[in-house]
Amino acid sequence: MRKLLLPSIIIIAASLLLIRIFYLQVINDTFKLKSENNAIKIQYDYPERGYIYDRNGKLLVANQPSYDIMVIPREIKNLDTLEFCKLLDVTKEDFLEKIAKAKIYSPRLPSIFLPQLNKSEYAAFQEKIRKFEGFYVQKRSLRDYEVDFGANIFGFITQVNDRIIEKHPYYKSGDLIGKQGVEEYYEDILRGIKGVKYFQKDKYNRLIGSYKEGKYDTIAVPGEDINLTIDAEIQRYGEQLMINKRGGIVAIEPKTGEILALVTAPSYDPAILVGRQRSKNYTLLYRDSIANPLYDRSLLAEYPPGSPFKILTGLVGLQENVIDEHTSFMCHHGFSYAPGRFMRCHGFGPHQLNNGIYNSCNSYFANVYLRIIGKYRNTPYAVDTWSNHVKSFGLGQFMGYDLPTGRRGKVPNSKLYKKIYPDWHYSGKTIISNSIGQGEVLMTPIQLANMMATVANEGYYYTPHIIKKIKGERIDAKFKEKHTTTIDKQYFKPVIQGLFDVYNFGTASALRVDGIDICGKTGTAENFAKIGGKRVQLEDHSIFVAFAPKDNPKIAIAIMVENGGFGSRIAGPIASLMIEKYLRKKITRIDLEKRVLGISLKDQYAKLGGMNEASAIETTPKDSISLRKYKETKTNTVTDTTKKNN
Amino acid sequence: MKNQSVKKNIDWICIIIYSALVIMGWLNIYSSSLSSPEETYQKQLVFILLTIPLIFIILAVDGKFYEKYASVIYIIGLLSLAGLFVFGKTIKGQTNWYSFGSFGIQPSEFVKTATSLAIAKYLSDSQINLKDTNRQMQVLCILGLPILLIVPHDPGSALIYCMIIIVLYREGLPAWYIWTGFIAILLFVFTLIFEPIYVILFALITTIIVYFKSRLADRNIVASSILFVLMSGFVLSVDYVFDNVFKQHHRDRFNILLGKTVDLKGIGYNTNQSEIAIGSGGWFGKGFLEGTQTKGGFVPEQHTDYIFTTVGEEWGFIGSLVVVGLFVTLILRIIYLAERQKTKFSRVYGYCTAGILFIHFFVNIAMVIGVFPTIGVPLPFFSYGGSGLWGFTILLFIFLKMDANKVNEW
């Protein structure tokens with residue numbers, strides 16, 4: 001048996017060695033990475049980001065060179081910290097903190113020590129760079145904004161965070177990425193593809209040639225330039241008009257669905273999010289939870305549309321054949337639709353479709369709505385019929401436009417009402433507030449604008465979009481696809497006439513622009529806020545929708561000004577001015593312009609001061625009306641959906 | 001017609017494996033030397049070519065010569081080691097070189113063969129019985145002398161000779177030597193990992209269990225107590241020696257291995273880099289001359305003691321498997337051949353050859369993959385170096401000559 005000892009030891013020992021080797025080579029895969037870290041140096045070549053132009057070829061966003069100071073912590077040697085800090089104007093504590101942070105990311109891999117130096121800072125540093133072993137400069141291109149508006153459209157450029165790196169392996173720590181706006185949506189096109197060069201390093205960290213003869217190296221692909229559908233002139237003008245106000249403006253070219261202007265207020269100069277002050281400024285913007293300048297109200301704020309929604313009530317009534325142009329309803333300063341329930345109205349006398357629209361008569365549209373819902377014995381079926389008509393205007397759904405944020409809005413259907421009234425038979429009367437654009441209906445400004453574009457087109461729309469041209473590439477086919485509504489073309493004529501008469505005899509008669517036939521509709525939304533525990537009524541939100549000219553419309557527009565008062569006070573004038581600016585390139589209604597520019601709602605907003613986003617703000621829409629008993633039935637649903645929009 | 005009989009009777013399996021290992025070794029040295037300015041692969045090629053006449057000489061010499069002059073060879077070997085104290089040249093902290101101009105020779109590589117011959121010669125006397133304590137002492141003396149001479153220069157290499165104990169066990173050395181060695185190693189490792197007091201407690205419990213598990217007739221309270229006291233004394237002295245006698249770099253080698261110290265730039269650098277190189281090889285490796293770690297020269301001493309890292313990195317697990325497989329086959333083949341020897345002399349010598357090759361192979365690879373303290377032991381036939389290559393070639397081919405000659409030994 002003694003013979004067997006040595007062979008046994010040999011076989012056991014060799015097996016143990018193989019197990020360990022197998023573990024090192026096959027099971028544990030951290031060594032591959034470590035090997036790359038210490039033997040391969042990766043150098044990126046960042047291509048220039050594509051430029052952004054407006055619809056007329058005006059340059060909006062270009063690039064400027066910027067220099068990041070990179071650090072490889074383990075290669076820092078004999079650093080004169082004092083001189084280094086002085087040169088770059090950082091404090092010692094700051095320096096230590098940054099180095100510690102870089103070390104946590106990786107002691108071997110480069111991290112950004114100080115981002116986005118300008119040319120002179122770079123020059124000063126470059127002169128002495130040989131003294132600072134472990135540091136080097138990486139050139140990148142930064143955005144250079146040619147205009148001081150459109151921040152919400154462009155979005156901004158930021159460093160990728162860990163979550164993005166994990167999700168998209170393309171990005172490495174310190175890389176830049178577009179956030180919000182077209183920079184985010186068209187990131188892949190604007191960014192291009194960075195080039196990579198692999199170098200073989202030796203143990204002294206010297207480069208000793210390219211890795212595998214450059215087999216894996218790639219050449220940078222530059223970003224492509226894009227043209228937006230935005231008209232720089234009216235975008236700028238819209239933002240100017242919205243100074244000292246909060247809200248949103250969306251203008252669309254009805255024939256194409258191209259977004260002409262997308263204004264949110266308050267906004268900021270896009271240039272403040274570039275350079276070394278970027279993170280400080282971003283924090284300021286981010287922390288302002290009341291004015292919330294980073295929140296794009298034109299896309300995200302869901303408001304009850306109020307009176308402009310009456311347009312759809314009228315159209316659905318005509319399509320369902322429950323009314324015609326001449327159907328008349330009486331209004332007695334309101335409408336008693338059930339015992340003890342009364343909807344107030346400023347009008348009086350008989351109303352038909354035409355003056356129903358231009359007087360914005362609640363009683364008229366409440367009656368129309370009752371007929372729509374009453375058409376079928378099966379109320380849920382009737383509700384869904386109405387709901388489908390409304391949805392065919394692009395409401396209550398994500399519209400599919402090419403911007404990264406958005407909200408669905410809300411169009412109720414029978415399913416929703418089954419939830420709200422689980423064991424109660426509701427009727428048209430129960431949900432009558434839908435007739436005048438309140439109740440459960442919610443819309444974003446872009447949806448309002450799209451609704452107007454659809455009306456202007458007499459029954460179709462193209463998905464709103466902001467991309468006009470990508471160099472060398474056709475834009476997405478979905479933006480060429482016509483969406484037709486469920487309303488027949490013939491029914492639009494009388495409604496459009498009504499909207500036109502809003503300017504002739506109605507709520508916007510003071511807002512006419514000579515020589516331009518505008519069709520529009522005012523809207524007003526009541527809103528309340530809890531200040532110091534007390535429910536306080538704030539100034540109403542001012543809403544206006546319009547398109548022009550009446551024949552062959554070129555622009556459809558929706559305006560929403562928070563706490564702006566009646567629709568015709570601020571939103572209406574803005575609509576007239578924007579339309580004139582777009583169609584004529586100049587302003588004749590100087591009086592209107594002066595008035596709008598002079599209006600500051602700061603005092604109104606100051607009342608909200610000290611409140612944060614989560615505070616309860618209640619909004620109910622109205623058009624010179626209020627709904628009795630409204631609160632009893634709707635409070636819960638309305639407050640839930642509107643809170644965040646203020 | 002001697003030559004013809006050698007050609008006919010020599011074990012070609014061993015020769016093929018030997019040649020394969022030498023050639024593979026050279027390819028890996030070639031790859032790893034691309035990162036260094038020295039052209040070690042050219043020198044190694046010369047060394048390899050010179051083994052051819054060397055082999056012919058060994059095979060041409062009469063088979064009886066080695067047995068006849070074993071003692072003389074042994075004494076020359078000892079003298080050459082002793083001479084190092086006077087004429088030795090210090091390279092990398094080890095005074096185990098004679099230098100002749102640009103050419104150096106490492107006598108310890110040849111003393112392995114000399115000692116094996118001496119042990120085989122001693123045991124070949126049929127009168128010798130290793131059950132006899134005197135005989136045990138004598139054979140341990142033969143083994144101990146070269147160890148004593150090597151320890152001052154290169155304590156790690158002394159470990160090589162311990163392998164001969166297992167050969168002696170095959171020839172009748174009492175089993176308790178092996179057990180003592182085994183328990184000593186176990187206690188040594190435990191003492192390094194745990195506090196001595198726990199190890200002593202463990203020894204006590206084991207002793208008690210063994211005592212009560214054994215048959216009544218075998219129980220000896222006195223012997224067990226003495227055994228326990230000896231173990232405790234050993235544990236305490238290991239602890240003492242480790243803390244007070246070992247130098248810091250010796251302690252570091254153990255601490256790194258046990259994960260007590262992490263210092264990837266200093267003393268842990270070697271092991272860390274060699275693990276990275278091997279670990280990054282994956283299943284199939286990065287390909288010949290494509291190893292990034294090898295090219296970057298990250299692994300120190302890569303062409304000598306750390307040559308296996310190149311195998312691991314460029315040839316992957318498959319390559320490692322082949323190399324380990326060839327070594328195991330060669331060593332087992334030698335044992336098989338040794339067992340069929342007609343004379344005790346050649347059997348013992350064959351066993352010594354297998355043992356020495358095995359311990360080098362095992363310690364070297366275990367060190368490179370980070371499961372054994374750093375000891376400067378080359379990988380036979382693979383590592384760069386003329387003395388090493390020739391030493392192992394002589395060791396192996398003397399045995400192959402004996403094996404080929406066995407027909408003539410009637």
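A crossing of two helices is called left-handed if the near helix is turned anticlockwise from the far one by less than a right angle, and right-handed if clockwise. Chain B has one of each below: helix 15 and helix 16 cross in the left-handed sense, while helix 2 and helix 3 cross in the right-handed sense. This is a predicted model, where local features need pLDDT of at least 70, side-chain atom pairs count only at pLDDT 80 or more, and totals for chains, interfaces and linings use all residues. Residues are numbered from 1 along each chain as its sequence is written, with chains lettered from A and ligands numbered from 1 in the order in which they are written.

**Helix pairs in chain B**

- Helices and strands here are DSSP runs (H or I, at least four residues, for helices; E, at least two, for strands), numbered from the N terminus.
- Helix 15 (residues 307–339) and helix 16 (residues 344–368) of chain B cross at roughly 160°, and their axes come within 9 Å; axes are lines fitted to C-alpha atoms, for helices over the stretch in contact, and angles run from 0 to 180 degrees between N-to-C directions.
- Helix 2 (residues 12–33) and helix 3 (residues 40–60) of chain B pack at about 160°, axes 8 Å apart.
- B:Trp26 and B:Tyr30 are among the helix 2 residues in that contact, with B:Tyr41 and B:Leu45 among those from helix 3.
- The tally there is 7 nonpolar, 3 polar and no charged residues.

**Where the chains touch**

- Chain A puts 29 residues in contact with 40 residues of chain B.
- Helix 1 of chain A gives the largest share of chain A's side, 14 residues.
- That side has 15 nonpolar, 5 polar and 9 charged residues.

**A sheet in chain A**

- Three strands form an open antiparallel sheet in the order 1-8-9; strands pair if DSSP finds at least two bridges between them.
- Strand 8 (residues 195–201) and strand 9 pair over 2 bridges, and A:Lys201 stands opposite A:Leu207.

Technical notes. Contact = placed C-beta atoms within 7 Å. Nonpolar A, V, L, I, M, F, W, Y, C, P; charged D, E, K, R; others polar.
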